[in-house]
Amino acid sequence: MIYLRLFITFFKIGVFNFGGGYAMISFIQNEVVFKNHWLTTAQFTDVVAVSQVTPGPVGINMATYTGYAAAGDVWGAAAATLAVCLPSFLLMLWLGKYLLKNKSSARVQGVLAVLRPTVVGLIAAATLVLCNRENFTDYKSVIFFIGAFLLVFSRKVGPIGVLVLSAVVSLIVY
């Protein structure tokens with residue numbers, strides 16, 4: 001049954017997600033594209049792009065879209081969305097009280113010290129996952145990538161500004 005498979009898959013993604021939606025992109029791709037074949041690599045790239053410009057958390061948007069695409073209806077979207085959110089919700093109920101009570105303990109600080117660079121690594125992995133042939137089809141796409149990177153990194157332009165500027169430039173170029 002597709003709804004149960006969606007629920008189990010996205011629950012597992014939700015359980016092992018640390019660092020937010022961007023950190024879970026490579027994990028979602030592995031489950032959705034390679035293991036379950038619910039989306040192609042090109043479709044997955046589109047899901048990432050749409051999830052970034054759609055209001056709401058990226059990981060939840062990706063789960064919703066994938067659930068709808070895999071099951072073909074709103075129940076698939078609901079199953080995947082609920083499943084990806086449920087572990088975090090339950091974990092925060094359970095751990096929230098403990099962390100607030102013991103936030104200055106050496107053990108808690110040690111765990112957080114390990115999780116911080118791990119999250120950075122997961123986000124870097126998500127970046128590398130998206131560096132594929134579907135995203136870099138010609139020299140123009142490479143120029144857009146470099147331009148967006150430089151605008152954000154050196155000029156501190158926000159993501160909305162970069163997206164608007166890219167849309168305007170792409171209308172001219174293409």
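**Pockets and helix contacts**

Q: What classes of residue make up the lining of the largest pocket?
A: The lining of the largest pocket divides into 22 nonpolar, 8 polar and 2 charged residues. Here Ala, Val, Leu, Ile, Met, Phe, Trp, Tyr, Cys and Pro count as nonpolar, Asp, Glu, Lys and Arg as charged, and the others, Gly among them, as polar.

Q: What kind of model is this?
A: This is a predicted model, in which local features need pLDDT of at least 70 and side-chain atom pairs count only at pLDDT 80 or more, whereas totals for chains, interfaces and linings use all residues. Residues are numbered from 1 along each chain as its sequence is written, and side-chain values use heavy atoms, with hydrogens and water left out.

Q: How much space lies in that largest pocket?
A: The largest pocket holds about 1,400 Å³ of space. The search uses a 1 Å grid over the protein atoms alone: a cavity is a set of points where a 1.4 Å probe fits but cannot get out, while a pocket is an open set with protein on both sides within 12 Å along at least five of seven lines. Grid points are joined across faces, edges and corners, and the volume is the space filled by probe spheres set on the points.

Q: Which residues are closest to its centre?
A: They are Gln52, Leu130, Phe145, Ala148 and Leu163, out of 32 residues that line the largest pocket. A lining residue has an atom within 4 Å of a point.

Q: How many helices and strands does the chain have?
A: The chain has 8 helices and 0 strands. Its C-alpha atoms fill a box of roughly 55 × 45 × 25 Å along the principal axes.

Q: What about the second largest pocket, what volume has it?
A: The second largest pocket has a volume of about 510 Å³. It is lined by 20 residues, and Phe18, Leu91, Met92, Leu95 and Leu115 lie nearest its centre. By class, this lining has 14 nonpolar, 5 polar and 1 charged residues.

Q: Which helix gives the most to that lining?
A: Helix 5 does, with 7 residues. Helix 1 (2–15), helix 5 (74–102) and helix 6 each supply at least two.

Q: Changing topic: at roughly what angle do helix 1 and helix 5 cross?
A: Their axes cross at roughly 30° and come within 7 Å. Helix 1 is therefore roughly parallel to helix 5. Axes are lines fitted to C-alpha atoms, for helices over the stretch in contact, and angles run from 0 to 180 degrees between N-to-C directions. Angles under 35 degrees count as roughly parallel, over 145 as roughly antiparallel, 65 to 115 as roughly perpendicular and the rest as oblique.

Q: Which residues meet there?
A: Among those of helix 1 are Tyr3, Phe7 and Phe10, and among those of helix 5 are Trp75, Leu82 and Pro87. Contact means heavy atoms within 4.5 Å. The residues of this contact divide into 15 nonpolar, 3 polar and no charged.

Q: Is the crossing of helix 2 and helix 6 left-handed or right-handed?
A: The crossing of helix 2 and helix 6 is left-handed, meaning that the near helix is turned anticlockwise from the far one by less than a right angle; clockwise would be right-handed. The axes of helix 2 and helix 6 come within 7 Å and cross at roughly 55°, so the two helices are oblique to each other.

Definitions and conventions
Helix = DSSP H or I, 4+ residues; strand = E, 2+ residues; numbered from the N terminus.
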